[in-house]
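Q: Here is a protein chain to look through. Please explain the labels given to its residues and ring pairs.

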Amino acid sequence: MGNEFISQAENARDRYISVLRSTIANQHPQFAAELLVKPNGRTNGEPFCLARIDIIAGEPPNHSILECRDIPKDVSSIDYTGPHGIQIRQQSFSWNSLLFRFKSQTFDVELLKDWFEKWIDLNETNAPDEQGLHGVIHDLSWSKVNSDNWELLIDFGSAPLESI
(Lines give C-alpha, C1' and ligand atoms only; values in the text may rest on other atoms or scores of the structure.)
Protein backbone atom coordinates (compact mmCIF):
# COMPACT_ATOMS: atom_id res chain seq x y z
CA MET A 1 0.00 0.00 0.00
CA GLY A 2 1.09 3.53 -0.58
CA ASN A 3 2.87 5.82 1.82
CA GLU A 4 -0.20 8.05 1.86
CA PHE A 5 -2.32 5.20 3.23
CA ILE A 6 0.21 4.53 6.00
CA SER A 7 0.36 8.26 6.75
CA GLN A 8 -3.45 8.39 7.07
CA ALA A 9 -3.37 5.33 9.34
CA GLU A 10 -0.69 6.88 11.53
CA ASN A 11 -2.63 10.15 11.86
CA ALA A 12 -5.85 8.31 12.71
CA ARG A 13 -4.06 6.14 15.29
CA ASP A 14 -2.44 9.19 16.89
CA ARG A 15 -5.84 10.91 17.19
CA TYR A 16 -7.49 7.87 18.75
CA ILE A 17 -4.64 7.06 21.17
CA SER A 18 -4.63 10.70 22.29
CA VAL A 19 -8.37 10.53 23.10
CA LEU A 20 -7.96 7.15 24.83
CA ARG A 21 -5.01 8.32 26.96
CA SER A 22 -6.83 11.54 27.89
CA THR A 23 -9.94 9.60 28.92
CA ILE A 24 -7.85 7.21 31.01
CA ALA A 25 -6.06 10.11 32.71
CA ASN A 26 -9.42 11.50 33.85
CA GLN A 27 -10.67 8.28 35.47
CA HIS A 28 -11.01 7.65 39.17
CA PRO A 29 -8.71 4.96 40.60
CA GLN A 30 -11.01 2.01 39.89
CA PHE A 31 -11.00 1.34 36.16
CA ALA A 32 -9.74 -1.16 33.62
CA ALA A 33 -8.62 -0.34 30.11
CA GLU A 34 -8.94 -2.71 27.16
CA LEU A 35 -10.80 -5.40 29.05
CA LEU A 36 -11.32 -8.60 27.00
CA VAL A 37 -15.00 -9.64 27.05
CA LYS A 38 -17.59 -11.69 25.22
CA PRO A 39 -20.46 -9.24 24.64
CA ASN A 40 -23.99 -10.51 25.23
CA GLY A 41 -25.60 -11.71 22.05
CA ARG A 42 -22.39 -12.51 20.18
CA THR A 43 -22.95 -15.80 18.41
CA ASN A 44 -19.75 -16.11 16.38
CA GLY A 45 -17.35 -18.85 17.41
CA GLU A 46 -14.12 -18.09 19.26
CA PRO A 47 -12.13 -15.98 18.88
CA PHE A 48 -14.52 -13.86 16.79
CA CYS A 49 -17.09 -13.56 19.60
CA LEU A 50 -14.58 -11.57 21.70
CA ALA A 51 -14.00 -7.83 21.90
CA ARG A 52 -12.20 -5.37 24.11
CA ILE A 53 -13.92 -2.58 26.03
CA ASP A 54 -12.06 0.73 25.85
CA ILE A 55 -12.56 1.53 29.54
CA ILE A 56 -14.79 0.22 32.33
CA ALA A 57 -14.85 2.44 35.41
CA GLY A 58 -16.35 2.18 38.89
CA GLU A 59 -17.57 -0.72 40.96
CA PRO A 60 -20.39 -3.05 39.93
CA PRO A 61 -23.28 -2.54 39.72
CA ASN A 62 -22.57 1.16 39.25
CA HIS A 63 -19.74 0.80 36.74
CA SER A 64 -19.84 2.52 33.39
CA ILE A 65 -18.40 1.55 30.05
CA LEU A 66 -16.62 4.34 28.23
CA GLU A 67 -16.05 4.20 24.50
CA CYS A 68 -13.46 6.49 22.96
CA ARG A 69 -14.01 7.77 19.44
CA ASP A 70 -11.65 9.01 16.79
CA ILE A 71 -13.38 11.57 14.59
CA PRO A 72 -12.56 10.43 11.05
CA LYS A 73 -11.19 13.06 8.75
CA ASP A 74 -12.74 12.91 5.33
CA VAL A 75 -10.23 12.97 2.55
CA SER A 76 -10.60 13.17 -1.16
CA SER A 77 -10.97 9.64 -2.48
CA ILE A 78 -7.56 8.05 -2.66
CA ASP A 79 -7.05 4.90 -4.72
CA TYR A 80 -4.43 2.28 -3.89
CA THR A 81 -3.41 -1.04 -5.26
CA GLY A 82 -2.97 -3.32 -2.30
CA PRO A 83 -1.45 -6.75 -1.89
CA HIS A 84 -2.35 -9.23 -4.61
CA GLY A 85 -3.63 -6.40 -6.84
CA ILE A 86 -6.62 -5.57 -4.63
CA GLN A 87 -8.02 -2.16 -5.53
CA ILE A 88 -8.67 0.07 -2.50
CA ARG A 89 -10.56 3.37 -2.43
CA GLN A 90 -10.12 5.32 0.80
CA GLN A 91 -12.66 8.01 1.66
CA SER A 92 -11.90 8.51 5.35
CA PHE A 93 -9.85 6.82 8.04
CA SER A 94 -11.00 6.17 11.59
CA TRP A 95 -8.63 4.01 13.65
CA ASN A 96 -11.38 2.70 15.91
CA SER A 97 -13.95 2.15 13.19
CA LEU A 98 -12.27 1.27 9.90
CA LEU A 99 -14.83 -0.02 7.43
CA PHE A 100 -13.81 -2.18 4.48
CA ARG A 101 -16.40 -2.82 1.77
CA PHE A 102 -15.71 -5.50 -0.78
CA LYS A 103 -17.38 -7.78 -3.31
CA SER A 104 -17.18 -11.53 -3.04
CA GLN A 105 -19.69 -14.33 -3.31
CA THR A 106 -18.20 -15.82 -0.15
CA PHE A 107 -16.17 -14.52 2.76
CA ASP A 108 -14.26 -16.88 5.02
CA VAL A 109 -13.49 -14.99 8.23
CA GLU A 110 -11.38 -17.97 9.35
CA LEU A 111 -8.67 -16.60 7.04
CA LEU A 112 -8.31 -13.76 9.56
CA LYS A 113 -8.18 -16.01 12.63
CA ASP A 114 -4.39 -16.02 13.20
CA TRP A 115 -4.19 -12.25 12.63
CA PHE A 116 -7.15 -11.62 14.94
CA GLU A 117 -5.84 -13.86 17.74
CA LYS A 118 -2.45 -12.17 17.59
CA TRP A 119 -3.71 -8.59 17.62
CA ILE A 120 -6.57 -9.00 20.10
CA ASP A 121 -4.00 -10.78 22.30
CA LEU A 122 -6.25 -13.73 22.95
CA ASN A 123 -3.93 -15.13 25.64
CA GLU A 124 -3.42 -11.69 27.21
CA THR A 125 0.36 -11.84 27.09
CA ASN A 126 1.00 -8.21 26.06
CA ALA A 127 2.33 -6.18 28.97
CA PRO A 128 0.46 -2.91 29.45
CA ASP A 129 2.22 0.42 29.18
CA GLU A 130 2.18 2.99 32.02
CA GLN A 131 -1.47 3.86 31.30
CA GLY A 132 -2.69 0.30 30.86
CA LEU A 133 -2.71 0.12 27.06
CA HIS A 134 -1.83 -3.31 25.70
CA GLY A 135 -1.18 -2.65 21.99
CA VAL A 136 -4.25 -4.64 20.89
CA ILE A 137 -7.17 -4.39 18.52
CA HIS A 138 -10.60 -4.10 20.12
CA ASP A 139 -13.07 -5.63 17.70
CA LEU A 140 -13.74 -7.24 14.35
CA SER A 141 -17.18 -7.65 12.85
CA TRP A 142 -18.51 -8.39 9.40
CA SER A 143 -21.81 -8.57 7.60
CA LYS A 144 -23.15 -9.55 4.22
CA VAL A 145 -24.90 -6.53 2.74
CA ASN A 146 -26.41 -8.41 -0.21
CA SER A 147 -25.59 -11.37 -2.46
CA ASP A 148 -21.97 -10.38 -3.13
CA ASN A 149 -21.25 -7.27 -1.03
CA TRP A 150 -19.63 -7.52 2.38
CA GLU A 151 -18.55 -5.10 5.09
CA LEU A 152 -15.70 -5.70 7.50
CA LEU A 153 -15.45 -3.32 10.47
CA ILE A 154 -12.28 -3.20 12.59
CA ASP A 155 -11.61 -1.28 15.78
CA PHE A 156 -7.80 -1.21 15.89
CA GLY A 157 -7.76 0.00 19.52
CA SER A 158 -4.22 0.58 20.77
CA ALA A 159 -2.63 -1.82 18.26
CA PRO A 160 0.47 -0.52 16.49
CA LEU A 161 0.59 0.39 12.81
CA GLU A 162 2.03 -3.06 12.03
CA SER A 163 -1.43 -4.51 12.69
CA ILE A 164 -2.87 -3.11 9.44
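A: A residue is buried under 20% relative accessible area, exposed over 50%, and partly exposed in between. The model is a predicted one.

Q: Why is Trp142 called partly exposed?
A: Trp142 has a relative accessibility of 24%.

Q: What makes Phe48 buried or exposed?
A: The relative accessible area of Phe48 is 2%. The cut-off for buried is under 20%, so Phe48 is buried.

Q: How do you know that Phe48 and Trp142 form an aromatic pair?
A: Their ring centres lie 5.6 Å apart. Pairing needs centres within 6.5 Å, so the two rings pair. By this rule the count comes to six aromatic pairs.

Q: Why is the Phe48 and Trp142 pair called edge-to-face?
A: The angle between the planes is 85 degrees. Edge-to-face means over 60 degrees, so the label applies.

Q: What makes this pair a link between distant parts of the chain?
A: Phe48 sits in the loop between β1 (31-37) and β2 (51-57). Trp142 belongs to strand β7 (residues 139-146).

Q: Which residues do ring pairs link into a cluster with Phe48?
A: Phe116 and Trp142 join Phe48 in that cluster.

Q: What does Leu140 touch beyond four places away in sequence?
A: Leu140 touches Phe48, Val109, Leu112, Phe116, Leu152, Leu153 and Ile154. Leu140 is also among the residues with the most contacts inside the largest nonpolar core, which has 30 residues. Helix α1 supplies the largest share of this core, seven residues.

Note on methods: Residues are numbered from 1 along each chain as its sequence is written. This is a predicted model: local features need pLDDT of at least 70, side-chain atom pairs count only at pLDDT 80 or more; totals for chains, interfaces and linings use all residues. Side-chain values use heavy atoms; hydrogens and water are left out. A nonpolar core is a set of buried Ala, Val, Leu, Ile, Met, Phe, Trp, Tyr and Cys residues joined through side-chain atoms within 4.5 Å. Buried means under 20% relative accessible area, exposed over 50%, partly exposed in between (1.4 Å probe, protein chains only). Helices (H or I, at least four residues) and strands (E, at least two) are DSSP runs, numbered from the N terminus. Contact means heavy atoms within 4.5 Å. Rings of Phe, Tyr and Trp (its six-membered ring) pair if their centres lie within 6.5 Å; planes under 30 degrees apart count as stacked, over 60 as edge-to-face and the rest as tilted.
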